[in-house]
Amino acid sequence: MDEALQENLMGALENVIDPELGIDIVNLGLVYGVDLDEDGTAIVTMTLTAMGCPLAGHIEQDVKRVLEDIPEVKDTTVNIVWNPPWSKDRMSRYAKIALGIPD
């Protein structure tokens, strides 16, 4: 996958807002990677801030919704993983400032 498409996919994922924190999943550091296979399936590998998050289904649907507008994407698979575990160190400077977390 070329760099422009990678940036386009990650940019689209910035439109998925974590409903509890009000910050997008990319700046929160929840997205570990996104790939596009030869069939046009976007494969998003991500985590959540906590196991058993009641909003996991909502976030997964939002991920699929924002990626369906990209012409190269025919389908989306969301793989939620717990390793490596998420920590505030994965957050962008923007997210830390927005949430009042010291850098």
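These legends describe close-up views of a predicted model.

**View 1. Four acidic residues form a negative surface patch.**
The members are Asp2, Glu3, Glu7 and Glu72. Exposed would require over 50%.

**View 2. Leucine 48 is a buried loop residue.**
Leu48 belongs to the loop between β2 (41-46) and α2 (56-67). Is Leu48 buried or exposed? Its relative accessible area is 5%, so Leu48 is buried. The cut-off for buried is under 20%. Which residues does Leu48 contact, leaving aside neighbours within four places in sequence? They are Leu30, Cys53, Ala56, Ile59, Ile80, Trp82 and Trp86. Asp24 and Leu48 are 24 residues apart along the chain, and their C-alpha atoms are separated by 12 Å.

**View 3. Cysteine 53 sits in the loop between β2 and α2.**
Cys53 has a relative accessible area of 13% and is therefore buried. What does Cys53 touch, not counting residues up to four places away in sequence? Its partners are Glu20 and Leu48.

**View 4. Glutamate 60 and lysine 64 pair up in a salt bridge.**
Their side chains meet with an N to O distance of 3.6 Å. The salt-bridge cut-off is 4 Å. Where do the two residues lie? Both are in helix α2. They are four residues apart, so about one helical turn separates them. Glu60 is partly exposed, with a relative accessible area of 23%. Lys64 also counts as partly exposed, at 29% relative accessibility.

**View 5. Arginine 65 forms a salt bridge with aspartate 62.**
The closest N and O atoms of this pair are 3.6 Å apart. Arg65 and Asp62 are three residues apart in helix α2, which means a separation of about one helical turn. Asp62 is buried, with a relative accessible area of 13%. How many salt bridges does the model hold? The count comes to two.

How values were computed:
Residues numbered from 1 in each chain as written. Predicted model: local features only at pLDDT ≥ 70, side-chain atom pairs only at ≥ 80, totals over all residues. Heavy atoms only, no water. Patch = residues over 30% accessible without salt bridge, like charges linked within 9 Å, V, L, I, M, F, W, Y side chains within 5 Å. Areas by Shrake-Rupley, 256 points an atom, 1.4 Å probe, with all protein chains shown as cover. Lys, Arg positive; Asp, Glu negative; His and termini not counted. Charge placed at Lys NZ, Arg CZ, Asp CG, Glu CD. Buried < 20%, exposed > 50% of the residue type's maximum accessible area, 1.4 Å probe, protein only. Contact = heavy atoms within 4.5 Å.
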